[in-house]
Structure formats: structure tokens, C-alpha cells
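Trainee: I'd like to learn how to read a structure like this one, feature by feature. Can we walk through it together?

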Amino acid sequence: MRTLLLKNALRLVTMNDHRDELAGGWVLVKGRQVAAIGTADTPLPDADEVLDMTGHVVMPGMVNTHHHMYQTLTRVIPAAQDSSLFGWLQALYPIWAGLTPEMIRVSTCTAMTELLWSGCTTTSDHLYLFPNGIRLDDQIEAATEMGMRFHAARGSMSVGESKGGLPPDSVVEQETAILKDTQRVIEAFHDPAPLAMQRVVVAPCSPFSVSRDLMREAAALARATGTMLHTHLAENDSDITYSRQTFNMTPAEYAEDTGWVGADVWHAHCVKLDDAGIRRFGATQTGMAHCPCSNMRLGSGIAPVRRMAAAGMRVGLGVDGSASNDGSHMLGEARQAMLLGRLVPPQSNQPMMQAREVLELATRGGAAVLGRNDIGHLTPGMAADIVAFDLRGIDYAGAQSDPVAALLFCTPQRVAYSIVNGRILIRDGQFTKHDPFVLAEKHNALARTLLEKA
């Protein structure tokens with residue numbers, strides 16, 4: 001079995017149970033897993049390949065808990081630049097109706113290129129539009145090609161405008177077809193084993209785009225198949241108003257009523273989750289994806305992340321869709337989470353949101369949200385998902401007193417190395433298997449075609 005040694009790290013950030021940070025540390029990879037970790041004064045083991053990490057911060061790959069990768073095709077659309085959530089969706093739904101299978105494949109590769117370059121090694125994606133013959137298979141095939149660890153969320157919309165929902169009728173599906181296809185992709189692609197590279201998630205889009213029956217039946221399907229559940233919830237004030245007017249419930253009450261609480265559930269955003277909802281979600285260990293860039297871009301508000309975590313909720317970070325961010329930079333998202341968190345007054349005797357606190361959300365936190373205990377930190381037996389940032393350049397000049405915090409306080413950069421499942425995908429800042437510039441050219445051509453069709 002092939003071995004790989006990363007040695008002489010400026011800091012080896014393990015994120016283990018003791019949160020050890022090792023100056024001059026090393027990590028040995030054997031096959032798909034971390035085999036050993038050592039300090040500067042521990043003898044170095046032999047390995048088939050050795051990478052010198054002098055000047056680099058080495059850490060576990062980050063985990064992205066919420067995304068819409070197809071939206072890389074519609075970034076910065078003028079009609080949607082200055083809208084809040086509902087107006088933004090209404091401007092973009094007619095464009096997205098023209099999506100094709102090729103667009104899904106290429107946009108997935110584009111988003112994963114960005115994520116990998118930014119230090120992310122595991123990602124979920126919430127695909128809820130299936131016009132023109134699109135299948136979740138298209139995205140899973142692209143993720144396999146990219147070599148990224150992937151949780152594919154089979155989203156859906158079934159309540160169009162004619163039934164009081166937000167999306168146009170042209171982009172919704174029949175509920176029986178949704179459930180049947182979700183069952184199909186679970187059977188075809190879901191891998192529950194440790195170190196799995198792909199899993200499937202049951203993921204109706206939102207309370208304002210699917211029926212109560214579908215929410216309940218989706219929860220039943222997920223629990224019968226041992227898969228996780230994901231949706232949007234309590235994203236902004238309009239979301240709250242819709243829930244109260246349509247269901248006579250708060251979003252948290254609606255989630256509980258439909259079976260959407262528990263350690264197998266995570267919700268995106270939860271910006272407007274009320275105190276009772278936070279307590280209930282905490283008591284049931286329900287998770288949430290914190291998406292600060294998107295929440296600011298759409299004017300949704302600030303999620304009370306610390307209160308949620310203190311209540312017992314599982315909290316991770318998500319970059320959200322690339323039409324509401326408008327990028328997929330995981331380290332940049334972590335920096336925004338730290339800065340935005342500092343606008344929320346801390347509890348007594350608490351410091352402001354700290355760099356290491358947010359890095360933990362981006363690694364261990366995201367792993368917990370996705371229901372994984374084999375990623376998110378570096379100890380023997382864990383998945384060999386490792387990234388390294390080179391701090392010897394001008395961007396980090398003067399920041400060597402705390403190189404770990406420098407990752408967030410300084411302008412976020414790209415990784416020098418990305419290792420996923422023991423495979424080197426990025427070496428010296430360059431991808432080993434594909435050319436991002438060729439990919440971008442193809443992506444831009446498809447984006448133009450999509451806009452012309454609309």
C-alpha cells in the first residue's frame with residue numbers, strides 16, 4: 001500500500017480531541033487513511049513519497065455543508081444583484097429552467113475546482129432542479145471525475161405558483177416521481193461505509209416549494225434507507241411570514257411536525273430560528289449549515305451561531321449557491337463567519353468569535369453536520385483528507401507569530417496542496433488531473449448559452 005509523508009510543517013493543525021497544533025509536525029498517510037502523526041522530535045518514518053511542508057500550515061480538509069453548484073452558471077446576474085431571497089429566486093428560476101445535463105456536469109466541476117483550491121475536501125450539494133433530462137447521476141459522475149468526497153442531496157420542488165408556492169410550475173416535479181427517483185439514486189449511489197467517497201441525501205428544497213406530505217414522506221424514506229435529510233429553513237423574514245400564513249407554525253414547529261428534527265437532519269441558514277426553535281433543535285441535535293456570505297448578500301441577517309452550538313445544535317459552514325455568494329471559497333467563508341460573528345455581542349466572559357473556533361466549525365463541525373466520524377480531524381485511522389497552505393508569500397508577511405490564525409485574519413489564499421482519500425489532487429498550487437482554465441472556457445460558453453435561452 002502506497003505511503004506518503006508530509007514533514008516539517010510550520011504548524012500541523014490536527015483538530016483532534018485535544019486540538020493539538022504541532023510545530024515541525026509530520027503526518028504519514030498509508031493508502032486512504034492517516035497512519036501516524038508525529039512531532040518535530042519524533043523520528044520520521046520511511047515513505048514512498050515525501051513532501052517538505054516547510055513554511056506551510058497543514059490541516060484537515062474543510063467540509064462544505066451547503067451549496068448549489070449549478071448556480072456557478074448564473075453569477076452576478078444584473079436582475080438578481082440587489083434582491084432579497086424571494087425576489088432573487090423569482091428572477092433566476094426562469095433562467096434555471098434552461099439547465100441541461102452537460103451544464104450540471106460542467107458547473108459541478110467548476111464549483112469543485114474552486115472548493116478544492118480553497119481548502120475544502122468534502123462537500124455536499126443541494127440540487128433541486130431537474131429540467132431537460134437532468135438526473136442526479138450527472139452530478140455524481142462529475143464528482144467522481146474530480147475526486148472529491150461528495151454528499152449528493154437529491155433535492156426537489158413540487159408546489160409551483162399555481163398551488164401557492166414560489167417556483168414557476170415549469171420547474172416542479174410530481175411527488176410520486178420525486179420519491180421514486182430519490183429511492184433509485186440511494187440504491188445506486190449511497191455508500192454508508194467508513195471512508196465513503198459518495199453518499200446520497202434526501203433533500204426537498206424548502207417549505208415554500210414542497211408540500212407537507214412530501215416533507216413527511218421524504219423523512220420516512222430517509223429513515224428507512226439510513227440516509228440523512230437536508231432542506232432550507234428560516235432563512236429570512238419572508239420565509240417566516242410564509243410559514244406562519246401557510247402552516248400557522250414557526251419554521252421550527254413545522255420542521256418538528258413533519259419529522260425534520262434529529263441527528264440525521266440538517267437545515268441551511270436558520271437565520272431567523274427563534275429561541276424555542278434553537279432549544280428544540282439543540283435538544284434533538286439537529287444540525288445547521290451557516291452560510292454567512294449568502295446571508296449578507298441577500299440581506300437575510302446574522303445567524304446566532306454561538307447560541308445554537310451552546311444549545312446542542314450541530315453547526316458547520318456552507319458556501320451556499322454561487323449565485324448568492326458569488327463564489328465557492330471555503331476559507332473565505334470561514335473568514336466571513338469569524339468577522340460576521342464579531343457583530344453579535346458575546347455572552348459575558350466570552351471573547352469575540354475566534355479564528356480557531358471558526359476553523360473547528362469548518363472541519364469537525366461540518367463533519368458532524370454531515371453525520372461523519374471519519375473526516376474533519378487528523379488522527380490515525382481517519383480519512384487522508386489533508387490540505388496545506390504556504391505562508392511564505394507576501395500575503396502572510398508579518399503574520400508568522402500565529403500562522404494558524406493568519407489563515408483567517410489575512411486575505412484567504414489558495415492551497416498549495418490538497419490530498420483527498422490519499423490522492424494528491426493539487427500539488428504546488430496546480431491541479432494534477434485537469435486544467436481549470438480550459439474548464440472555465442467551457443463553463444463560460446455554457447453560461448452564455450443558458451442566458452441566451454432565457
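Trainee: Is Trp117 buried or exposed?

Mentor: Before that, the ground rules: this is a predicted model, where local features need pLDDT of at least 70, side-chain atom pairs count only at pLDDT 80 or more, and totals for chains, interfaces and linings use all residues. Residues are numbered from 1 along each chain as its sequence is written, and side-chain values use heavy atoms, leaving out hydrogens and water. Now the idea: buried means under 20% relative accessible area, exposed over 50%, and partly exposed in between, with a 1.4 Å probe and protein chains only. Trp117 has a relative accessible area of 10%, so Trp117 is buried.

Trainee: Which ring pairs with Trp117, and in what geometry?

Mentor: Rings of Phe, Tyr and Trp (its six-membered ring) pair if their centres lie within 6.5 Å; planes under 30 degrees apart are stacked, over 60 edge-to-face, and the rest tilted. The structure holds 9 aromatic pairs. In one of them, the centres of Trp117 and Phe431 are 5.1 Å apart with planes at 75°, so that pair is edge-to-face. Trp117 belongs to helix H2 (residues 101-117) and Phe431 to strand S19 (residues 430-431), so the contact ties together parts 314 residues apart in sequence. Those labels are DSSP runs numbered from the N terminus: helices are H or I with at least four residues, strands are E with at least two. Phe431 is buried too, at 12% relative accessibility. Elsewhere, ring pairs join Tyr70, Trp88, Tyr93, Trp96 and Tyr128 into a cluster.

Trainee: Which charged end sits over the ring of Trp117?

Mentor: The test is NZ of Lys or CZ of Arg within 6 Å of the ring centre and within 35 degrees of the ring normal. Arg414 passes, with its charged end 3.6 Å from the centre of the Trp117 ring. Arg154 does likewise over the face of Phe130, at 4.0 Å from the ring centre.

Trainee: Arg154 takes me to strand S10. How many residues of S10 are buried?

Mentor: The general idea is that side chains in a regular strand alternate between the two faces of the sheet. Strand S10 (residues 149-156) has 8 of its 8 residues buried. Arg149, His151, Ala153 and Gly155 point one way, Phe150, Ala152, Arg154 and Ser156 the other, and all are buried.

Trainee: Which strand pairs with S10, and in what sense?

Mentor: Two strands pair if DSSP finds at least two bridges between them. S10 pairs with strand S9 (residues 120-127) in the parallel sense, over 6 bridges. Thr123 stands opposite Phe150 there.

Trainee: What about S7: why is it called largely enclosed?

Mentor: Strand S7 (residues 56-60) has 5 of its 5 residues buried, so the rest of the structure largely encloses it. S7 pairs with strand S2 (residues 11-13) in the parallel sense over 2 bridges, and antiparallel with strand S16 (residues 386-390) over 5 bridges. Val57 in S7 stands opposite Arg11, and its bridge partner in S16 is Phe389.

Trainee: Where does Met215 lie, and is it buried or exposed?

Mentor: Met215 lies in helix H5 (residues 212-225) and is buried, with a relative accessible area of 1%. Its C-alpha is 8.7 Å from that of Ala255, 40 residues apart along the chain. Leu214, also in helix H5, is buried at 0%.
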